[in-house]
Each structure stands twice: as C-alpha cells, then as structure tokens.
Amino acid sequence: MAILQSPLQITRSDYLCPNSHFFSLPSKRTLSSRHRPFVITFSSKSKSGTVDNEKNRKFLEQYGLNPDDFLPKSSPKMKKRRERGTEMAKDAQLEEPKPPRETHKLLQVLGGTARRKKLLSPKGMDVRPMMEVVKGAAFSILQAAGGCTQSLRPGRWLDLYSGTGSVGIEAISRGCSEVHFVEMDPWVISDVLRPNLESTGFLDVSVIHTSRVETFLKNAERFVGKDEAFDYISVTPPYMLVDYAVLMDQISNSPHVGENTFIVVEYALRTDMLDTCGCLVKIADRKFGRTNLAIYGPKWAQKKSKTDGMNGKQ
C-alpha cells in the first residue's frame, strides 16, 4: 500500500491498484507513529450508479483532490444519460401542475320519466356531449321508426363513447330496460357518469365498462356475454380521433348487432358514411351545423321513416 504524504501531491500512480478506487490519506501525526495512514476505499462498482459517483466526487473535492484522477471516467453514454436526467428534472420544475378537472350542470334529460333532470358534464373540451338538439332529433326518429312517438320500444342499449352518459340515460328515461356504457376515462366515470346515474336513479339498470371502444368491440362476448343482440347502439366518438370506416366495419361485424338493431352515429362534416351497416340500412341522415347524424336500422323501419317524412338531410 502506498502511503500518501500530502493530499496536494497525490497522483493517479500513488494508489496501489489501478482497477479499484483504493487510496490512503495521512492522519494527524502522533508520538507513537510518525505516519499513521487514514485509508479511504471506494468499491469498483456502485449500486446506485451516477448518484454514488457524484457523492464520491464531492467527497474527494473536500480533500482538495481532483476526482478525475481517482474515479473512472464516464462513458459518452453515461454523460448523455446524466444530461438527459438533468434536463428532465428542469422540465419537471418548470411545468406547472395541472388544475383539477371540474364539472358543471349544463345538460338535462329531455323526455321520459327523468325529464328535466340536470346532468353533470366536464368543463372544457376534453369530453364533448351530444348536443341536445341532436339528441332530441335522434330519439324522435327512433320512436317514430319503432311505431311509438311517446317512448322507445323496450330493449337493451349500448352507449359507445358514453362520456357523461346523457344518451344512455335518455334511453332509460324513454323506456329502455338496460344500458351498457363504454367509457375509457376513469375520472369521467367516477366524477361524471356514475353521479349522473345515481341522481337519475338509473344505476341499478346500468352496466359500466371501463374500456376503449375498440377493445370492447373485439371482446364483446367477454364483456357482456353471449346474450342476444342489442336493440340500440349509439356511437358518439371524438371526431378527430377515430377512423369512421374502421369503426363502422367493427360495429357491422359485431355479434351484438342484429337484424332489428338501430344504430345512431354522430359524425363530422366531410365524413363519408355508407348507406348500409352490415344487414342494416340508413333510415335517416341529418345535418345540424357542423354535426351530422346518421341512423341505421332494419328495412321495415326505413319504410316507416319514409312514410313519416323522416328521411334525407335538412
């Protein structure tokens, strides 16, 4: 072992083994021993990597030593990783915390047993409920096509991209026996959808699926079992985030679409919608400003729709 006489005279050749970080420093001189060394040892591999290495550098600098003479040089990869970590830490400090999401009561149930009940909806544009004028027109068409202008034919409803749940809640209020809500945002479910179902008293006849719509459609039998097809399906996606051709193809091939199913689709301008969806035909296609509404159903409903003057764009 090499005994170092002065911290200021240390060089890399002064320690014994170049492959380990092992060196010694002089302690205070005593009468019994003129040179009693104080030994400092660093292990060759650090468990916590860059953090321990930085501590070692600071420790050596306290003794007036050059850390580069004793510690292994960082590889270019380690330097980039250290710089990236520093930049990420700075960015995290600069980022302002996101404000908590809030709700307000701007929506309401339009008809049926829960008419005029207020519904929660998120503030901002992260969730865009169906406009009430569009929702009212859709249910009027469905009721007329089903042969009853006052209520829906009893049945099961599948509400895709449910968000606030206003469409499915409207369906229960107007006569549906059960609604399945598909929504992927846990906050929307816990703070908006579920409270709306509780306030309207419809929670017991509702089933909530926390899932992406694409995943739900691929695994529909696992989610809802091998029951009969749904009587109604509403499709109200965020316009810019879906490919309607792919989405409608998935829906048309779903085992839960039957010969007597009605499908309500809200879509944006300049979106090409086919005249058929599987075995169903388009019975209505209406325009409301920038929003379009297409409704598919069985052929017998198309005849009723034409008789009532419900077909075609306005």
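Let me begin with a definition: a residue is called buried when its relative accessible area is under 20%, exposed when that area is over 50%, and partly exposed in between, using a 1.4 Å probe and protein chains only. What we are looking at is a predicted model, in which local features need pLDDT of at least 70 and side-chain atom pairs count only at pLDDT 80 or more, while totals for chains, interfaces and linings use all residues. Residues are numbered from 1 along each chain as its sequence is written, and side-chain values use heavy atoms, with hydrogens and water left out.

With that scale in mind, K123 counts as partly exposed because its relative accessibility is 42%, and E102 is partly exposed as well, with a relative accessible area of 43%.

How many salt bridges does the structure hold? There are eight, where a salt bridge is a side-chain nitrogen of Lys or Arg within 4 Å of a carboxyl oxygen of Asp or Glu. One of them joins K123 to E102, with 3.4 Å between the closest N and O atoms. This pair links distant parts of the chain, 21 residues apart, since K123 sits in the loop between β4 (118–122) and α3 (132–145), and E102 in the loop between α2 (76–94) and β3 (103–108). The helices (H or I, at least four residues) and strands (E, at least two) that I name are DSSP runs, numbered from the N terminus.

A second pair is R156 with E178, whose closest N and O atoms are 3.3 Å apart. Here too distant parts of the chain are linked, because R156 belongs to strand β5 and E178 to strand β6 (residues 178–183), 22 residues apart. R156 is buried at 14%, whereas E178 is partly exposed at 26%.

In the salt bridge between K282 and D285, the closest N and O atoms are 3.1 Å apart. K282 counts as buried, at 13% relative accessibility, and D285 is buried, with 9% relative accessible area.

Finally, is T164 buried or exposed? T164 counts as buried because its relative accessibility is 2%, and its place is in the loop between β5 (156–160) and α4 (166–173). A polar atom of the T164 side chain lies 3.3 Å from the backbone nitrogen of S166.

Key: Polar contact = N/O pair within 3.5 Å; in protein donor to acceptor, adjacent residues only side chain to side chain.
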